[in-house]
Amino acid sequence: MDPSEQDGNGVAEALPPPPPVPPNVTPIKAESDADVKKVIRVPMARHGFGTKGNKVPILTNHFKVNVNKVDGQFFHYSVALFYEDGRPVDGKGIGRKVLDRVRETYEAELDGKDFAYDGEKTLFTVGALPRNKLEFTIVLEDVPSSRNNGNASLGEQGSPNESDRKRIRRPYQSKTYKVEISFAAKIPMQAIANALRGQESENSQEALRVLDIILRQHAAKQGCLLVRQSFFHNDPKNFADVGGGVLGCRGFHSSFRTTQGGLSLNIDVSTTMIIQPGPVADFLVANQNAKDPFSLDWVKAKRVLKNLRVKTSPTNQEFKITGLSEKTCREQTFTLKQRGKEQDGEEAQTTEVTVYDYFVNQRNISLRYSADLPCINVGKPKRPTYFPIELCSLVSLQRYTKALSTFQRASLVEKSRQKPQERMSVLSNALKINNYDAEPLLRACGVSINGNFTQVEGRVLPTPKLKVGNGEDLYARNGRWNFNNKRVADACKIERWAVVNFSARCDVRKLINDLIKVGEMKGVAVESPFNVFDENPQFRRAPPLVRVEKMFEDIQSKLPGPPKFLLCLLPERKNCDIYGPWKRKNLSDFGVVTQCLSPMRINDQYLTNLLLKINAKLGGLNSVLAGELAPSLPVISRVPTIILGMDVSHGSPGQSDIPSIAAVVSSRHWPSISRYRACVRTQSPKVEMIDGLFKRVSDNEDDGIIRELLVDFYTSSGKRKPDQIIIFRDGVSESQFNQVLNIELNQIIEACKFLDENWSPKFVVIVAQKNHHTKFFQPNSPDNVQPGTIIDNKVCHPKNNDFYLCAHAGMIGTTRPTHYHVLLDQVGFSADDLQELVHSLSYVYQRSTTAISVVAPICYAHLAATQLGQWMKFEDASETSSSHNGTAPGGAPAVPPMPTLKESVRNSMFFC
């Protein structure tokens, strides 16, 4: 108790004196609870390199960087910007202009030093500035008045004084800024050398950040759009129209990386989405796919235009759009002050004039089509400023951040892919064009960049052996195989089934007969369907939920009992809005396996692929690894092992209220590693860490994901608990590795201990990343690297255990390798065994006859999250639990729970 605390009578309570310490005893300091910390796990170090496979030379888009000055120091300064009246500057984008002016005006006070500025609050120099705190005042002319809201100093009555009033009337004005630069920290350049030896620290990350900021600033000086570590030049040659008034803009990513081979500059082609520059009306017509500007939805237009920048003709001034006028240009009026009519002490005379009259009659600007359209407003809420729409042009390089439609995405992929040779020549040119050697700051750091692609040693791993029906071998060539004259490994029977047709145009009888015939060839017995349910034409225009309900009423009234399987024909190929409600009704309400198709171009190949999916969903297997049957897979065939794939999918950008969906899939029927089942839950929007792995609801009850999967493994694997748990995690960045190891893994361990206190399985945690910029090329070959190419040296991490694998055959564009990071390995795999396991797991994907680019458990988790995400899209508040409309304990809206799967389909591969 604190001695200052008092007892109930207001008298300080005295503590008895401590007993005397014997002379030969040294007291031990008592550990407080805060001191007894849990073990913090960090990513493991590499134990060795793989040796299996044929060695091949590989080129990569990493360029060697030499740093000659290791004894220098970066000085870190904080930057604060204020308006003349002391208010802080909050608008982004002005910082670089202000600091450029500081550099020009006060060169002597800065000792002529160059600096690296991040555009916001941070600035770095090589060596110190003359003083620890510097203050400057600068004036910027020609700041567009709409850009930021600060300046006129208000008089005593709170109204602008005379000179200010005149200044406000001018669209452009000078603006005064105060700049404070204060010393924050020193960063030794030696930290970079330490990081290359595997000794990473806060300093080494900061030092690399300085180098990255120098590259960003270099690009900003050339007028580029900057998006994180990528930059985009304003050159129409780099634009590709993807429809809807949106362009794909090609640019470059560049970042410094610490690797086994030293410091390298990773340069890659990058694409971002921008708004189509040019006349606003043209953009809106394209964006809404309208016939002309007179058939536009102006509510939608207002939403999409807000905050975009336009140039107005004929003066070429730049403004930010704040809204649209309520009335058309012909009807919208504003108050015009008569020039030159001001008398001393008198207000100027004013008249009401329409925007159209003002521009046509007073400014003599002819307007062809704006009279009956709304005007663009670039003013403040209380002081609107209107321009006719045809005088406004959208400025180039403005990012489009909304989600792309399926068609836009397909168009973007089509237009942005590049063959390996083309990509190599573009990257070589990029390095020349950027001319980093001329950047004074890089020179001051003693940094020079080699112009050649780094050569590394790759290995092509042996192709895993596959088995199909009748114990036949199946040989994959170039990462692909086919089922010609082959039967599936484990065939299910398609019985008690029916066809449902949602108004798709197709010869249903022929489709059924062809499916039965293909099934016979592949060893899958397909009985005749019980019935074909055609949609009642009167519901064709009804909402999706109604159409699905009516169809199910029809099915229930005509079938003698619940079907085992329903084949569903959809009218549209992409984005059919019946899909989500239909899947939910089948899997959650009735427990029926279903397969959807859109019968466009149906041939034997299509039907074979369809059959592979149906067979996997109904519990069959199409092909298996020979090592599963023998069983002879390294390490995992000897000891019961469960393999988990974990992924979280988030709503589209800008949709902050849509719950994120966490999916975990697990292997079952050990020693098989080809059969999986999924558990899917909702969680708070945009949260990447999975929070439902362990969910204690009472002293003996856990409602978490992991318990459900472990119990299934136990029952499907002959009542064996897994002694090894191998976790593949997708979608996390390097900054989140420690959270995976210390938050998610702890939950999984708790779930295991909750099932059995004495059970201690061994864990392996591997993160798979696709979202990186390292690419590989074959020297002197136009082709992509061979499937099975693995790289674990030179461009990999100086200390941590990581490798790149291209398991698949890149058919179009340039292969993107998957970057695997082994964060933890309690099992003690050799490098070769672990790499062989990862490679093998790229060959057990039941939906296709190809090796895939990332291990199957991760693909399945992604599919399960995406499919159940479609259910949530059509969730109606009235349908979900009452908590949907409530709030969570923290005050945030409660996350609607995921509808549960029916028992009969819970263990199926419904996501295939």
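**Notebook: a first look around**

I started with Val-635, which counts as buried at 11% relative accessibility. In these notes, buried is under 20% relative accessible area, exposed is over 50%, and partly exposed lies in between, with a 1.4 Å probe and protein chains only. The model is predicted, so I kept local features to pLDDT of at least 70 and side-chain atom pairs to pLDDT 80 or more, while totals for chains, interfaces and linings use all residues. Residues are numbered from 1 along each chain as its sequence is written, and side-chain values use heavy atoms, with hydrogens and water left out.

Most residues other than glycine have a negative phi, and most peptide bonds are trans. I looked for places that depart from this.

Val-635 is not a glycine, yet its phi is positive, about 65°. I found Val-635 in the loop between helix 15 (626–629) and strand 31 (641–649). Helices here are DSSP runs of H or I with at least four residues, strands are runs of E with at least two, and both are numbered from the N terminus.

Asn-289 also has a positive phi without being a glycine, about 55°. Its loop runs between helix 5 (280–288) and helix 6 (298–305). Is Asn-289 buried or exposed? Asn-289 is exposed, with a relative accessible area of 73%.

Next I looked up cis peptide bonds. One joins Ser-313 and Pro-314, with omega about 5°. Another runs from Trp-670 to Pro-671, where omega is near 10°. Pro-671 sits in the loop between strand 32 (660–667) and strand 33 (676–683).

**Entry: two open sheets**

Strands of a sheet pair through backbone hydrogen bonds, either parallel or antiparallel. I count two strands as paired if DSSP finds at least two bridges between them.

Strand 13 (residues 309–312) and strand 14 are antiparallel over 4 bridges. Within this pairing I picked out Arg-309, which stands opposite Lys-320 in strand 14.

Another open sheet has 3 strands, ordered 15-18-19 and paired in the antiparallel sense. Strand 15 (323–328) and strand 19 (386–387) are the edge strands, each pairing on one side only. Between strand 15 and strand 18 (residues 374–377) I found 3 bridges. Leu-324 faces Ile-376 in strand 18.

**Entry: a hairpin**

Strand 9 (residues 239–243) and strand 10 (residues 246–259) pair antiparallel over 4 bridges. They form a hairpin with 2 residues between them, and Gly-244 in the turn has a positive phi of about 70°. Gly-243 has Val-246 in strand 10 as its bridge partner.

**Entry: two helices**

I take the expected span of a helix as 1.5 Å times one less than its number of residues. Helix 4 (residues 202–221) has 20 residues and reaches 29 Å from first C-alpha to last, close to the 28 Å expected. Just after helix 4, Gly-223 takes a positive phi of about 80°.

Helix 19 (residues 856–873) has 18 residues and reaches 26 Å, close to the 26 Å expected. How many residues of helix 19 are buried? I noted 13 of its 18, so the helix is mostly covered.

**Entry: cysteines**

How many disulfides are there? The count is 0, where a disulfide is a pair of cysteine sulfur atoms within 2.5 Å. I checked Cys-249: its closest cysteine sulfur is in Cys-224, 9.1 Å away, which is too far for a bond. Cys-249 is buried at 0% relative accessibility. Cys-806 is buried too, with a relative accessible area of 2%.

**Entry: one cavity**

I searched a 1 Å grid over the protein atoms alone: a cavity is a set of points where a 1.4 Å probe fits but cannot get out, and lining residues have an atom within 4 Å of a point. Points are joined across faces, edges and corners, and a volume is the space filled by probe spheres set on the points.

The structure holds 1 cavity of 30 Å³ or more. The largest cavity has about 50 Å³ of space. Its lining includes Trp-481, Phe-483, Asn-622 and Tyr-845. By class I find 5 nonpolar, 5 polar and no charged residues. Here Ala, Val, Leu, Ile, Met, Phe, Trp, Tyr, Cys and Pro count as nonpolar, Asp, Glu, Lys and Arg as charged, and the others, Gly among them, as polar.

Key
On a 1 Å grid over the protein atoms alone, a cavity is a set of points where a 1.4 Å probe fits but cannot get out, and a pocket is an open set with protein on both sides within 12 Å along at least five of seven lines; lining residues have an atom within 4 Å of a point.
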